[in-house]
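Work through these exercises with the model open beside you. Try each task before reading its solution.

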Amino acid sequence: MHRVYEDGGREIVLTIFRHNPNDEDSIPHFQDYPIIERPGMTLYIALTQIYTSMDHDVSFDFVCRAGICGSCAMVVNGKPRLACRTLTSEFSEGKITLLPLPTFQHIKDLSVDTGTFMNAMTKRVEGWIVNNSPQDISTIEKPIDPELSDEIFELDRCIECGICLASCATKVMRPNFVGAVGLNRVARFSLDPHDSRSDEEFYELIGDDEGIFGCMSFMGCQDHCPKHLPLQKQIAYMRNKMVKVC
Ligand code: SF4
Ligand code: FES
């Protein structure tokens, strides 16, 4: 039973995975950090408090603190989540165990390198507008249908946090799988009228087991995506298009 203070503060314990793979003397272990929870406390606030007042050596990643940059993803009591958008009060037992995201290269403690994967994935799926037809910059660009624009914007909300990959059993079996983040990216450009690529050209990029035919529909990506993107719908949409090509 955790102590509750008169001002509403509650004693909670964060159990953090500690390991530095670059230090040959480092032994992986868990370390407990008891702190007083205050109203509205997020895991970001709790970790910052631990860092500033208890342990300067604990490593974790944050940039925006607002669910936008995607850098604070970690495994919280067994589920991948954004630490800056997770309230400690969600855990009624007051015990919170934190691990780094699996799948990505471990840097230290809760910090992982998602950038190397995202960069390689972007190159692999050519995740940018491709249009080889001659452009006349003196003419006004044709407006996009507002409904289509909303649909593209919806897919553009991906923050590349890596949670879909950390939730994906296919990724464990197929290390080079581009994941929901990559397939969502292709779906986004295939919808965009500014992109002139044909379905055959998209097939060249993702028409294999590391792309659209690799997904086994375990649904972990959609269950955990913090932006609630319609990932399975987009994967089904792209698979349907790609099956017609082959
Ligand atoms: S699709 Fe969702 S879970 Fe995957 S990287 Fe984008 S925002 Fe994160
Ligand atoms: S710190 Fe940017 S998403 Fe959490």
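**Exercise 1. Describe how helices H6 and H9 cross.**

Solution. Begin with the positions: H6 covers residues 179-191 and H9 covers residues 231-245. Helices (H or I, at least four residues) and strands (E, at least two) are DSSP runs, numbered from the N terminus. Next, take the axes, which come within 9 Å and cross at roughly 65°. Axes are lines fitted to C-alpha atoms, for helices over the stretch in contact, and angles run from 0 to 180 degrees between N-to-C directions. Then take the hand: the crossing is left-handed, meaning the near helix is turned anticlockwise from the far one by less than a right angle.

Now list the contacts (C-beta atoms, placed from the backbone, within 7 Å). H6 brings Ala180, Leu183, Asn184, Val186, Ala187 and Ser190. They meet Leu231, Gln234, Ile235, Tyr237 and Met238 in H9. Last, sort by class: 8 are nonpolar, 3 polar and none charged. Ala, Val, Leu, Ile, Met, Phe, Trp, Tyr, Cys and Pro count as nonpolar, Asp, Glu, Lys and Arg as charged, and the others, Gly among them, as polar.

A note on the source: this is a predicted model, where local features need pLDDT of at least 70, side-chain atom pairs count only at pLDDT 80 or more, and totals for chains, interfaces and linings use all residues. Residues are numbered from 1 along each chain as its sequence is written, while chains are lettered from A and ligands numbered from 1 in the order in which they are written.

**Exercise 2. In what order do the 5 strands of the open sheet lie?**

Solution. The order is E2-E1-E5-E3-E4, with mixed pairing. Two strands pair if DSSP finds at least two bridges between them. E2 (29-37) and E4 are the edges, each pairing on one side only. From one strand to the next, the twist averages 35°.

Go pair by pair.

- E1 (residues 10-18) and E2 run antiparallel, joined by 9 bridges. Val13 has Pro34 in E2 as its bridge partner.
- E1 and E5 (residues 95-99) pair in the parallel sense over 4 bridges. Here Leu14 stands opposite Ile96 in E5.
- E3 and E4 run antiparallel, with 4 bridges. Met74 has Arg81 in E4 as its bridge partner. These two strands form a hairpin with 2 residues between them. Asn77 in the turn has a positive phi of about 45°.

**Exercise 3. Which residues come nearest to ligand 1?**

Solution. There are 15 residues around ligand 1 (C-beta atom, placed from the backbone, within 6 Å). Cys158, Cys161, Ile163, Cys164 and Cys225 come nearest. Next, find the elements: H4 (163-166) and H6 each supply at least two residues of the shell. H6 gives the largest share, 3 residues. By class, the shell has 11 nonpolar, 2 polar and 2 charged residues.

**Exercise 4. How many residues does each domain bring to the contact between domain 1 and domain 2?**

Solution. Domain 1 is 10-112 and domain 2 is 114-245. Their C-alpha centres lie 30 Å apart. The contact takes 16 residues from domain 1 and 14 residues from domain 2. On the domain 1 side, strand E4 (residues 79-82) gives the most, with 4 residues. That side divides into 9 nonpolar, 4 polar and 3 charged residues.

Methods: Two residues are in contact if their C-beta atoms, placed from the backbone, lie within 7 Å. Domain bounds come from an automatic or database domain assignment.
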